[in-house]
Amino acid sequence: MITTVTLNAAIDKAYQLDGPLVRGTVMRVKEVRQSAGGKGLNVARVIKRCGQAVQATGLVGGFNGAYLESLLKKDGVPACFTETASETRSCVNILDSTYGSTELLEPGAEVSQEEWQRFCDQYKALLNETTVVTLSGSLPKGLPVDSYRLLIEWAKEAGKVVILDSSGQAFQEGLLAKPTLVKPNQDELEAFFNTKIETLEDTLCYAKKLADEGISYVVISLGGEGALLLHDGKIYHGCPPKIKPVNTVGCGDSMVGALAIGLGRGDDPETCLRYAIAVGTANALSPATGDFDPADLDWLLPEIRVRLL
Ligand code: TA6
């Protein structure tokens with residue numbers, strides 16, 4: 001069983017525009033797609049889509065929280081959330097023909113110490129039925145900055161595989177507990193090391209620094225250029241075929257879902273990377289967030305080229 005943790009869940013609203021976004025004007029949205037969001041719930045939906053056992057946990061509250069749970073139920077994802085008094089946030093993804101995707105992410109309402117404590121108790125209980133834990137996304141206000149470090153420590157004490165996909169201080173603190181795998185994208189890697197990454201060599205240099213922190217698997221997602229995976233002193237570079245992306249939001253989360261499946265199955269690094277890139281690329285072909293057409297996965301898998309650097 002894979003347990004996905006989403007501490008800052010969201011109702012994701014994808015607005016498809018007919019033409020380019022024009023600031024300062026009134027624009028009619030051609031199509032709206034709403035989904036249970038926050039990175040960890042995209043991860044959970046993709047794992048379900050891959051046909052694997054998954055349960056979602058995290059913090060949700062208010063009318064938005066109830067709506068999120070109803071959306072997740074329609075996705076067929078079992079959930080066991082800690083309820084909060086505050087409303088679950090919304091995140092908007094504006095899709096237009098010129099700029100692609102522009103995301104507007106609300107910060108999330110304050111969570112109380114008592115609600116955090118209730119979640120921690122629930123999380124420890126869920127670990128008993130879990131093999132792989134994924135921790136994804138930002139932290140809502142009110143949670144301690146070392147929240148992920150605590151959750152990783154408890155999961156590792158219980159002998160679980162732990163994947164951390166976050167950014168900023170929350171990610172920095174989480175690293176201290178040495179999660180099994182981390183998956184920053186290039187922007188997150190630049191921000192973490194406060195540097196500018198221009199070349200693949202630069203990316204490799206900073207990815208190795210993460211590996212040197214004692215992280216067993218370091219995956220760097222590179223968008224249309226695929227991803228790098230560092231493990232046991234080896235570096236793998238996987239590339240997808242060129243595609244015309246429809247909606248790239250949730251691609252990183254889709255990769256995390258696939259990586260959780262691969263690690264849970266004991267797949268070798270090359271197989272893990274190939275599967276993760278195929279699932280992430282399939283997500284980019286779907287207008288929905290954290291979703292893909294299994295038929296796309298079938299033709300993509302043989303097209304993913306993985307080489308040892
Ligand atoms: O990666 C896409 C996404 O999960 C969106 O679905 C939206 O929920 C956003 O990221 C949330 O990001 P955050 O870092 O605030 O957890």
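How far does a polar side-chain atom of R89 lie from an oxygen atom of the ligand? In this predicted model, the separation is 3.0 Å, within the cut-off for a polar contact (a pair of N or O atoms within 3.5 Å; within protein, one must be able to donate a hydrogen and the other to accept it, and residues adjacent in sequence count only if both atoms are side-chain atoms). The model is a predicted one, in which local features need pLDDT of at least 70 and side-chain atom pairs count only at pLDDT 80 or more, whereas totals for chains, interfaces and linings use all residues. Residues are numbered from 1 along each chain as its sequence is written, and side-chain values use heavy atoms, with hydrogens and water left out.

A polar side-chain atom of K39 is placed 2.8 Å from a ligand oxygen atom, and an N or O atom in the side chain of N42 lies 3.1 Å from an oxygen atom of the ligand. The residues surrounding the ligand (those with a heavy atom within 4 Å of it) include D12, G38, E103, L105, G137, S138, V249, G250 and D253.

N8 is situated in the loop between β1 and β2 (10-16); strands are DSSP runs of E of at least two residues, helices are runs of H or I of at least four, and both are numbered from the N terminus. With a relative accessibility of 6%, N8 is buried (buried means under 20% relative accessible area, exposed over 50%, and partly exposed in between, with a 1.4 Å probe and protein chains only). The side chain of N8 reaches the backbone oxygen of P107 at 3.0 Å. Beyond its neighbours within four places in sequence, N8 is in contact (heavy atoms within 4.5 Å) with G38, R89, P107, G108, S138, L139 and P140.

Helix α4 spans residues 147-157, and its residues S147, Y148, L151, I152 and A155 are buried. Seen down the axis of α4, these buried residues fall within an arc of 125°, so they line one face of the helix; the arc is that of the directions from the helix axis to the C-beta atoms. Their cover includes strands β1 (2-6), β8 (132-136) and β9 (161-165), together with helices α3 (113-127) and α5 (168-175). G159, which follows α4, has a positive phi near 80°.

Positive phi values also occur in residues other than glycine. K178, with phi near 55°, is found in the loop between α5 and β10 (181-182) and is partly exposed at 39% relative accessibility. D232, with phi of about 55°, lies in the loop between β12 (227-231) and β13 (234-239) and is exposed, its relative accessible area being 61%.

A search of the whole structure returned zero disulfides, a disulfide being a pair of cysteine sulfur atoms within 2.5 Å. The sulfur of C80 is 14 Å from the closest cysteine sulfur, that of C120, which is too far for a bond. For C205, the closest cysteine sulfur belongs to C239 and lies 20 Å away, likewise too far for a bond.
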